[in-house]
Structures are given as C-alpha cells and as structure tokens.
Amino acid sequence: MSTLPKYPKVKCARCGDCCSIPVVPVTHKDVARLVKHTGLPVGKLVRFCPSSEMAYDEDSGLWIKFKSVRRAMVLRKRRERCIFQTPDRACSAYAARPQTCRTFPYSMEFDGAKVTEITLNEVMKCNAIKCSVGCIDIDTVVANVKKENREDGEYHKLVKQWNLSRYTGTVKDFLKFVGL
Ligand code: SF4
Ligand code: SF4
C-alpha cells in the first residue's frame, strides 16, 4: 500500500518549455551517462554558466570556483533550446536524460526515506494537465528523486573539495577532478 502524501496528479502536455526555458544543471553522473549514450565529448554536452544566468543560492552546492568567477556545470543549448530537444519537442537522449529531467515537474520533501510532501516545481511554469488517468507515474518519479538527491550529494561533495583545494584550476582540470 502506498504511503505517499496527497499530490497533484498531472500528465505532460508536451509543450517542450522545460527543455528550452530553464538552464539545466547536471552532475558528473548525468554527464557520464550522456557521454556513454551519445558518444559525444564532454565539451559538446556541457558549458559552465555564471551565477547571473541561474538563480541558485550560493550554498546550493553546484557553484564551482574558478580563478576569478564561480560557475555551474549545465547542459548546452542551441538556438535557445537544449541540444537534445528534437523539432517535435521530444528528447533525443531520452534514455540517458539527466535526473532533473526525470523528476520535473515534481518537487518532494523527505523525512529520512519517507516522502512528506509532493508539489509541482516552481522553478518555471509547467503546462502539465490535471488528470485522473494516464498521469505521470509518481512511484517512478519518487525513485528518480531519491537517485537525484543521492547523486547531487556526491557531486556537491566533489565541488566542495574542489572549491577548498583547487580553485585556481581550469574547466578541463575540474572535469578531470570529477572523473569526466
Ligand atoms: S536532456 Fe532531454 S529532457 Fe532534458 S532538457 Fe534536454 S531535451 Fe529536455
Ligand atoms: S513537463 Fe510541463 S513544461 Fe515540460 S513539456 Fe510537459 S507540460 Fe511542458
């Protein structure tokens, strides 16, 4: 029997906005899976964006210190859209898409392993439709949020180590440091 709290049941309207509007932060694990899946070099998949492009807190764990600026590792875009978005608004890297793409549009709170709150993410307006059938499978999203939290934790730990010890390194040095 499910012990999940009440949550908004929705299905995706396939508008494609979540693959064009936000800047998508990724972890070392996300990028490793994309490299393996696409065969593309890391440099073609990610870029390092300044804090002026992304409203994440200073202490959110994803800000990497370089010589004079701090930046976050994010998916590249082409013509204002994720490089993987197809003309019909599908994802060409669907099987290896980042964890954050797997959990949107939901956001969850936990008490240990127990989910205490499930809401719709407020990072951007999602056009998902309220539904009673054919809704996004919440159990799959819960599993993906848990994996995302675990991998975010590992990545943020690496970023912290880098920031404490290697802050004068280059992007290439950072990628090597996180195993990419
Ligand atoms: S990787 Fe796929 S799902 Fe994620 S933003 Fe890009 S196109 Fe969208
Ligand atoms: S999750 Fe929301 S924003 Fe993304 S494609 Fe579906 S309806 Fe659009």
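The second largest pocket of this predicted model holds about 210 Å³ of space. A pocket is defined on a 1 Å grid over the protein atoms alone, as an open set of points with protein on both sides within 12 Å along at least five of seven lines; lining residues have an atom within 4 Å of a point. Grid points are joined across faces, edges and corners, and the volume is the space filled by probe spheres set on the points, with a 1.4 Å probe.

The lining includes Glu58, Trp63, Arg70, His156 and Lys160. Helix 4 (residues 138–165) is its main contributor, with four residues. Helices (H or I, at least four residues) and strands (E, at least two) are DSSP runs numbered from the N terminus. Ala, Val, Leu, Ile, Met, Phe, Trp, Tyr, Cys and Pro count as nonpolar, Asp, Glu, Lys and Arg as charged, and the others, Gly among them, as polar.

The shell around ligand 2 has seven nonpolar, two polar and one charged; among its residues are Cys12, Arg14 and Asn127.

Thr119 belongs to strand 8 (residues 114–120). Thr119 is partly exposed because its relative accessibility is 31%, between the limits for buried (under 20%) and exposed (over 50%; 1.4 Å probe, protein chains only).

Residues are numbered from 1 along each chain as its sequence is written, and chains are lettered from A and ligands numbered from 1 in the order in which they are written. Local features need pLDDT of at least 70 and side-chain atom pairs 80 or more, while totals for chains, interfaces and linings use all residues; side-chain values use heavy atoms, with hydrogens and water left out.

Terms used:
Near = heavy atom within 4 Å.
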